[in-house]
Amino acid sequence: MILVTGGAGYIGSVTVSELVTRGYEVVVLDDLSTGHRDVVPTSIPFVQGDIADQALLSSVFADYGVSAVVHFAAKSLVGESVKDPLLYVESNLCKTSAMLRVMQRHNVHALVFSSSAAVYGEPDATPITEDHRKQPISPYGLSKWWIEQVLYWCHTAWGLSPISLRYFNAAGAVPSLSLRERHNPETHLLPRVLSAWAEGEPAQVFGTDYPPSDGSAIRDYVHVQDLATAHVLALEATLKGQAGAYNVGTGRGYSVLEILAAVEQATSTLLPRTYLPRRVGDPAVLVADSTRLQRSLGWRPQQSDLSTIVSSTLAALKTG
Ligand SMILES: NC(=O)c1ccc[n+]([C@@H]2O[C@H](COP(=O)([O-])OP(=O)(O)OC[C@H]3O[C@@H](n4cnc5c(N)ncnc54)[C@H](O)[C@@H]3O)[C@@H](O)[C@H]2O)c1
């Protein structure tokens, strides 16, 4: 049985669906702080609770015979982390530590961890390889990097087999399953732009003076379904005792203005825009070199072209 923490969230719910499709038995633990109960089918065991509740977690491990953990549960608002850094130490680092202690007690060694491109901070060069120096520019990114380092030491000390996936920008949706980003507040570009479009509001562009390209920030968008596939491959690897850290991205960056142009094309509308200052903690360019993931685990992005990302998000928004 695979325990998916945060399986009622955006990436977690798509990964749960992919795991079940591939024949894995899954139990979801989620406190529903940002997730939604309705995205986990009722046929899948669901436990509402906190990953730091060690008594609850222990009973989940014992009752379901958990053999591996796919760990999405976290707080992930960069701006919030800048305003309240300790919240991110407590919610991400400390709670993950509590969960790891239960894994250790139950002799569960297989772990896939949701890390982030935010561990790198402002990169020296792009595309970014896994060996690039880690200098996070937000407490959120720092919390992910600290966890990765703790995982390494648990690997050394008691044989944990952690695989950290450093996602770049998760995007896209799975309209056939009504799975899409439903964060509140929403900080991610595509859902923000599409809801602005749906409500007839201007799209907000944060930062117009980034050095490269057209002045807006450049990101590497990876479809959530391709992320789910990466998790299945990582799970298979960790179950065989492998450990490591992998970037998950396409190697192709798009500026904010290019994303707006793609949305204009998909919706056949001209989007009014509001230009705003940069957001704290937002680097200029984040583009992944995912060669390691492709070579070691055989991952290939299948749905991460921009038109599929935009059209799937739009379709999911329309279906509700
Ligand atoms: N979305 C992205 O672009 C992106 C990029 C890089 C990394 N990540 C990481 O991927 C993971 C999933 O991101 P997402 O966008 O799906 O976020 P999300 O907020 O949609 O999902 C997180 C889920 O975890 C649950 N949760 C949070 N804290 C919990 C706790 N203490 N106990 C139990 N459940 C808890 C929430 O209710 C939610 O369902 C996060 O760890 C995030 O930091 C996301």
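1. Start with A230. This residue is buried, because 26 other C-beta atoms lie within 10 Å and 20 or more are enough for that label. The model is a predicted one. A230 belongs to helix α7, which covers residues 224–239.

2. What does A230 touch, leaving aside its neighbours within four places in sequence? The contacts are L165, V248, L293 and W299. L165 is the bridge partner of S114, and sits in β6.

3. As background, strands of a sheet pair through backbone hydrogen bonds, either parallel or antiparallel.

4. Look next at strand β5, residues 110–116. How many of its 7 residues are buried? The count is 7 of 7, and the strand is described as mostly covered. In a regular strand the side chains alternate between the two faces of the sheet. In β5, A110, V112, S114 and S116 point one way. L111, F113 and S115 point the other way. Both sets are buried.

5. Follow β5 to its partners. Strand β4 (residues 68–71) pairs with β5 in the parallel sense, over 4 bridges. There, V69 stands opposite L111. Strand β6 (residues 161–167) also pairs with β5 in the parallel sense, over 7 bridges. S114 has L165 of β6 as its bridge partner. That L165 is also one of the contacts of A230.

6. Strand β2 (residues 26–30) and β3 pair in the parallel sense, with 3 bridges. D30 stands opposite Q48 in β3.

7. There is also an open sheet of 3 strands. Its order is β12-β9-β14 and its pairing is mixed. β12 (254–255) and β14 (285–286) are the edge strands, each pairing on one side only. Strand β9 (residues 218–219) runs parallel to β14, and 2 bridges join them. I218 faces V285 of β14 across this pairing.

8. Return to α7, the helix of A230. Which helix packs on α7 at about 60 degrees? It is α1 (residues 10–21), with the axes 8 Å apart. That angle makes α1 oblique to α7. The crossing is right-handed. From α1 come Y10, I11, V14, T15, E18 and L19. From α7 come V224, Q225, L227, A228, T229, H231 and V232. By class, this contact has 8 nonpolar, 4 polar and 1 charged residues.

9. A further helix pair is α8 (residues 256–267) and α10 (residues 306–319). They pack at about 60 degrees, with axes 10 Å apart. So α8 is oblique to α10. This crossing is right-handed. A262, V263, A266 and T267 of α8 meet L306, S307, V310, S311 and L314 of α10. By class, the contact of α8 with α10 has 6 nonpolar, 3 polar and no charged residues.

Note on methods:
Residues are numbered from 1 along each chain as its sequence is written. This is a predicted model: local features need pLDDT of at least 70, side-chain atom pairs count only at pLDDT 80 or more; totals for chains, interfaces and linings use all residues. Two strands pair if DSSP finds at least two bridges between them. A residue is buried if 20 or more other C-beta atoms lie within 10 Å of its own, exposed if 12 or fewer, and partly exposed in between; C-beta atoms are placed from the backbone. Two residues are in contact if their C-beta atoms, placed from the backbone, lie within 7 Å. Axes are lines fitted to C-alpha atoms, for helices over the stretch in contact, and angles run from 0 to 180 degrees between N-to-C directions. Angles under 35 degrees count as roughly parallel, over 145 as roughly antiparallel, 65 to 115 as roughly perpendicular and the rest as oblique. A crossing is left-handed if the near helix is turned anticlockwise from the far one by less than a right angle, and right-handed if clockwise. Ala, Val, Leu, Ile, Met, Phe, Trp, Tyr, Cys and Pro count as nonpolar, Asp, Glu, Lys and Arg as charged, and the others, Gly among them, as polar.
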